[in-house]
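Reader: I would like to go through this model and ask what stands behind each of the words used for it. Please set each value against its cut-off.

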Amino acid sequence: SMGRMDSGIVSFQHMDFTIRPVAVDGVFPDIDSIRTGRYNKIYRAYVYTDAEKDRLYTKAIDSIGDTWLEKTFSLIAGGDVMLSRGTAKYIEKSGPTYPFEKIYDEIRKYDIAFANLESVISTAGKRFSPNKGIYFRADPSVVTGLVYSGFDVFSLGNNHSLDWGVDAIKETMRLLDKNGLKYTGVGRTEEEAFKPAVLSVRGTTIAFISFNDIYPFEVQENRTNVMQTLMMNEPLLQDKIKYLSDRYDILIASVHSGAEYINEPEPQKVRKMRKLIDYGTDIVIGTHPHVVQGIEVYRGGLIAYSLGNCIFDQSWSQETSTGMMLEISFLGAKPLYYRPHIISIDRSQARFLNTTTARQLISSCLLYTSDAADELDGVDLGGRRI
């Protein structure tokens, strides 16, 4: 735990993001391992008074044990999923499910799976002008792979959603809708782009929103045919976040921001993501840098500054071929724990790593623990590179 004690025993129901669960005999105490009985190191404490009180207390403990687990659920969040360019060549050769074939069994264990979809899915459209250099567009057949993958909800708030203009992003949205996949972060107006993707699990509502901080932000065919990604419009942001936070049990924001290929978030990015927590967001998930950055527990919320790549064709370095998937579990609206998982991407196909190297990568991630949104310019954040 942080700021309390080095180690101890705590009720699972009383965990939060500041407490880091540890594996026992190699088994991590997550919701799946407890439900299936793989984690059997569960201890129950009793207070002994007289026989009658002990009987009543034991009954109450058993009743709590029967009910709280029914309200728990977990989600897993991944980084950038790009199904164009080099990835498309592997898909043409091996089929649309190919990028996900080594991770879908794991992803399907979770109640919700999220990622950033960084390529439009369309045969329509024309390249965004003025020239932006790199354009991603995947064939509609890739939707079969997305459905297969186990992902439920995608961020479209990124710098490649508008690569091929209005028609291409509209077709992407239609294809996702048709296949029951949710999305957020793009629309004809800022209000439409702010519309959350909402899921409900065991009576708890989870809303996703998606911000894009990287050009381009808008494309238009004419004055009435416009599409835009959601930017962080500061004057209106606090009230809108509060409205969503009050309306839904859990609010998760994806933020496509920051410098590429840098293992530490810039001070201005740290401030920006912390503000989302200050305004009422529960979890902030960073994408765009293509490498893993740090995780921070901040004022009861959780910030993952960059999860790196999830499915991508950037095989030219270990860092761009290594991503993080973040497991987060809840008891109703109450956070229980977060758990990073390392993935390796080889020829645009991801797989989970459970090796010494993976554990070293996790332990060497930047970990911010400050509870103060202090001025960070020129301050050494004390991070370690991976």
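Reader: Where is Ser-306 found, and why is Ser-306 called buried?

Author: In this predicted model, Ser-306 sits in the loop between S15 and S16. Its relative accessible area is 1%. Buried means under 20%, so Ser-306, at 1%, is buried.

Reader: What is the length of H9, and how does its span compare with the expected one?

Author: Helix H9 covers residues 267-279, which is 13 residues. From first C-alpha to last it reaches 19 Å, close to the 18 Å expected at 1.5 Å a residue. After H9 comes Gly-280, with a positive phi near 130°.

Reader: Which residues of H9 are buried, and what do they pack against?

Author: The buried residues are Lys-269, Val-270, Met-273, Arg-274, Leu-276, Ile-277 and Tyr-279. An α-helix has 3.6 residues a turn, so residues three or four places apart point the same way. The buried residues of H9 pack against helix H8 (234-247) and several strands, including S9 (204-212), S12 (250-256) and S13 (283-287).

Reader: Why is S9 described as largely enclosed?

Author: Because 8 of the 9 residues of S9 are buried, the strand is largely enclosed by the rest of the structure.

Reader: How do you know that S9 is paired with S8 and with S12?

Author: Pairing requires at least two bridges. S8 (residues 197-201) and S9 are joined by 5 bridges and run antiparallel, while S9 and S12 are joined by 7 bridges and run parallel. Both counts meet the requirement, so both pairs stand. Leu-199 has Ile-206 of S9 as its bridge partner, and Phe-208 has Ile-252 of S12. S8 and S9 also form a hairpin with 2 residues between them, and Arg-202 in the turn has a positive phi of about 50°.

Reader: What makes S11 a strand covered on both faces?

Author: In S11 (residues 226-229), Val-226 and Gln-228 on one side and Met-227 and Thr-229 on the other are all buried. S11 is joined to S7 (residues 186-187) by 2 bridges, in the antiparallel sense. The threshold is at least two bridges, so S7 and S11 count as a pair. Gly-187 has Gln-228 as its partner in S11. S10 and S11 form a hairpin with 5 residues between them.

Reader: Why is Glu-118 called buried, and which side chain does it meet in a polar contact?

Author: Glu-118 is in the loop between S2 and S3. Its relative accessible area is 1%, under the 20% cut-off, so the residue is buried. Its side chain and that of His-256 are joined by a polar contact of 3.1 Å.

Reader: Which residues touch the most other members of the largest nonpolar core?

Author: Of its 41 residues, they are Leu-83, Leu-117, Leu-146 and Phe-151. Helix H6 (165-178) is one of the elements that supply at least two residues, and H6 gives the most, with 6 residues. Apart from this core lies another of 31 residues, among them Leu-199, Ile-250, Leu-302 and Leu-326.

Key
Residues are numbered from 1 along each chain as its sequence is written. This is a predicted model: local features need pLDDT of at least 70, side-chain atom pairs count only at pLDDT 80 or more; totals for chains, interfaces and linings use all residues. Side-chain values use heavy atoms; hydrogens and water are left out. Helices (H or I, at least four residues) and strands (E, at least two) are DSSP runs, numbered from the N terminus. The expected span of a helix is 1.5 Å times one less than its number of residues. Buried means under 20% relative accessible area, exposed over 50%, partly exposed in between (1.4 Å probe, protein chains only). Contact means heavy atoms within 4.5 Å. A nonpolar core is a set of buried Ala, Val, Leu, Ile, Met, Phe, Trp, Tyr and Cys residues joined through side-chain atoms within 4.5 Å. A polar contact is a pair of N or O atoms within 3.5 Å; within protein, one must be able to donate a hydrogen and the other to accept it, and residues adjacent in sequence count only if both atoms are side-chain atoms.
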